[in-house]
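Please keep the sequence and the model in view while reading.

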Amino acid sequence: MSEVPLLRVDGLRTWFPIKRGLLRRTVGHVRAVDGVDLTIREGQTLALVGESGCGKTTVGRSILRLEEAREGRILYRGTDLRTLEPKAMRPLRQKLQIVFQDPMASLNPRLRVHDILAEGLRSFGIGSPGSERTDRIAALLRRVQLDPAAMWRYAHEFSGGQRQRIGIARALAVDPELVICDESVSALDVSIQAQILNLLGDLQQEMGLAYLFITHDLSVVRYLADEVAVMYLGQIVENGPTARIFSDPAHPYTRGLLEAVPSVDPDRRRARAAVLGDVPSPADPPPGCRFHTRCPERMPRCDQEAPPLFEVERGESRCFLSGPR
């Protein structure tokens, strides 16, 4: 495995202007992503976890340059994607693909599955038109456990789980190295979620894929992710190996998210309280620690001082309780 990460994100900031008045003047910014660092290695899965509105989807879209970041570096195999002109960026889009949350909204209802999967092949000149591309599409559908005959049907004819398999096949069609899964199982029933997660795991083993798995639900990544990064109000508040995050979370927010995960084993239920209160506005984040308005372990210094990322066992935590005592 290469020592250079497949993807490294340093100091990523993506802010959206707030415009008001007749002249639409900028009066402030929504700090959706406010200084995020991430590392993904070949063949590994990083789960980016946090409540709705924390900025995790914007991280994924910024990596793909579907949203333009205002600061930071997005290094794909050492090349900073933010410095590339559109023409130079285009070939790299083949290696960076995304599976969206709502497969129905992301699949063109006017196209048959064959045409949906052929779009990427045509765009990057993969295979020759005709039988070669059709054979490739049939193989893609088998790979995601669908009947190849499905290529001649329209997307609305499939169930939600089947449509998500088509979305995965579309991402795989161009032979990517990194797939961003943006809440890609959150709209599915629990049993179908398990099937899709198992499929993603099998595809990773078979094709050597790396995943950035974006979700609000820690429970769905426990057996898929190698590393977890927990995000709150535009910042990473904890990161580390999945096993350590689940067994010994360092940040109060992570502990609250884990408390919200249902458990049938009373011996494993945590005594700590789940996260209470509402997420502050990313347009006006609180001073000091951004989590202090909801933190059950808040200290006076948290109101004014912003904690850095402190080193903890096999990871980092943005909490004064994790720092030197």
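Which residues in the largest nonpolar core touch the most other members? They are Leu 117, Ile 168, Phe 213, Leu 218, Val 221 and Val 228, out of 60 residues in that core. The model is predicted: local features need pLDDT of at least 70 and side-chain atom pairs count only at pLDDT 80 or more, whereas totals for chains, interfaces and linings use all residues. Residues are numbered from 1 along each chain as its sequence is written, and side-chain values use heavy atoms, with hydrogens and water left out.

**Nonpolar cores**

- A nonpolar core is a set of buried Ala, Val, Leu, Ile, Met, Phe, Trp, Tyr and Cys residues joined through side-chain atoms within 4.5 Å; buried means under 20% relative accessible area, with a 1.4 Å probe and protein chains only.
- Leaving aside neighbours within four places in sequence, Val 221 is in contact (heavy atoms within 4.5 Å) with Ala 47, Val 49, Phe 213, Thr 215 and Thr 242.

**Helix H6**

- Helices (H or I, at least four residues) and strands (E, at least two) are DSSP runs, numbered from the N terminus.
- In H6, 10 of the 13 residues are buried, including Arg 163, Ile 166 and Leu 172.
- Among the elements that cover the buried residues of H6 are helix H4 (113-123), helix H5 (131-143) and helix H7 (190-207).

**The sheet**

- An open sheet of mixed pairing is formed by 8 strands, in the order S6-S7-S8-S3-S9-S10-S12-S11; two strands pair if DSSP finds at least two bridges between them.
- S6 and strand S11 (310-312) are the edge strands, each pairing on one side only.
- Strand S3 (residues 45-49) and strand S9 (residues 227-232) run parallel and are joined by 4 bridges; Leu 48 has Ala 229 in S9 as its bridge partner.

**Cysteines**

- The structure holds 0 disulfides, a disulfide being a pair of cysteine sulfur atoms within 2.5 Å.
- For Cys 54, the nearest cysteine sulfur is that of Cys 289, 15 Å away.
- Cys 54 counts as buried because its relative accessibility is 4%.
- The sulfur of Cys 319 is 6.1 Å from the closest cysteine sulfur, in Cys 295, which is too far for a bond.

Conventions: Buried < 20%, exposed > 50% of the residue type's maximum accessible area, 1.4 Å probe, protein only.
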